[in-house]
Amino acid sequence: MFLYSLDIRQRELFMELAIKAAECNGIVESEEINMLQSYGTEMGLQPIYETNKSTESIVSELKEISDEKTKRIILFELFAILISDSCYDDKEKRFVERLGKEFSISADDRKKMLDILYEYRDVVKRITDLVL
């Protein structure tokens, strides 16, 4: 949705972090793979499905090269992949909590992001049900 505003290095790092997000609960669902494909398309990158980098090294570099707005975009987009399979479990919640703290994004703002994404998903479903 907002990934177009990231520079090329941020896009590459985001893809790697999205993989880590999808893997964080030990199960990568087909919906998460579809999201990785969508992210690649949106950012004009070849999607990747694995990385040898640690989450910590990816986050560290993103923190160095990203402003507050970019960090918020990254976190928001990661919420999307985590809820794409309709199961937002405790491991995924801890992943986002750690990342939110690293990016200095408050728990309140993280909750708002998640709530808005759920609303968005419901609206898209309602539109799809009505039109298709």
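Which residues have the most contacts inside the largest nonpolar core? Select Phe14, Leu17, Tyr39, Leu78 and Ile81, which have the most contacts inside this core of 37 residues. A nonpolar core is a set of buried Ala, Val, Leu, Ile, Met, Phe, Trp, Tyr and Cys residues joined through side-chain atoms within 4.5 Å; buried means under 20% relative accessible area with a 1.4 Å probe, protein chains only.

The model is predicted: local features need pLDDT of at least 70 and side-chain atom pairs pLDDT 80 or more, whereas totals for chains, interfaces and linings use all residues. Residues are numbered from 1 along each chain as its sequence is written, and side-chain values use heavy atoms, without hydrogens and water.

Next, colour the helices (DSSP runs of H or I, at least four residues, numbered from the N terminus). H1, H2, H3 (55-65), H4, H5 (90-102) and H6 (107-131) each supply at least two core residues, and H4 gives the largest share, 10 residues.

Select H4, residues 68-83. Of its 16 residues, 13 are buried.

Turn to Leu17. Beyond four places in sequence, Leu17 touches (heavy atoms within 4.5 Å) Thr55, Ile58, Val59, Leu62, Ile74, Leu78, Phe95 and Leu99.

Finally, display H1 (residues 8-23) and H2 (residues 30-43), whose axes come within 10 Å and cross at roughly 175°; the axes are lines fitted to C-alpha atoms over the stretch in contact, with angles from 0 to 180 degrees between N-to-C directions. H1 and H2 are therefore roughly antiparallel (over 145 degrees). Residues making the contact include Phe14 and Ala18 of H1 and Leu36 and Tyr39 of H2.

Terms used
Expected span 1.5 Å × (residues − 1). Buried < 20%, exposed > 50% of the residue type's maximum accessible area, 1.4 Å probe, protein only. Parallel < 35°, antiparallel > 145°, perpendicular 65-115°, else oblique.
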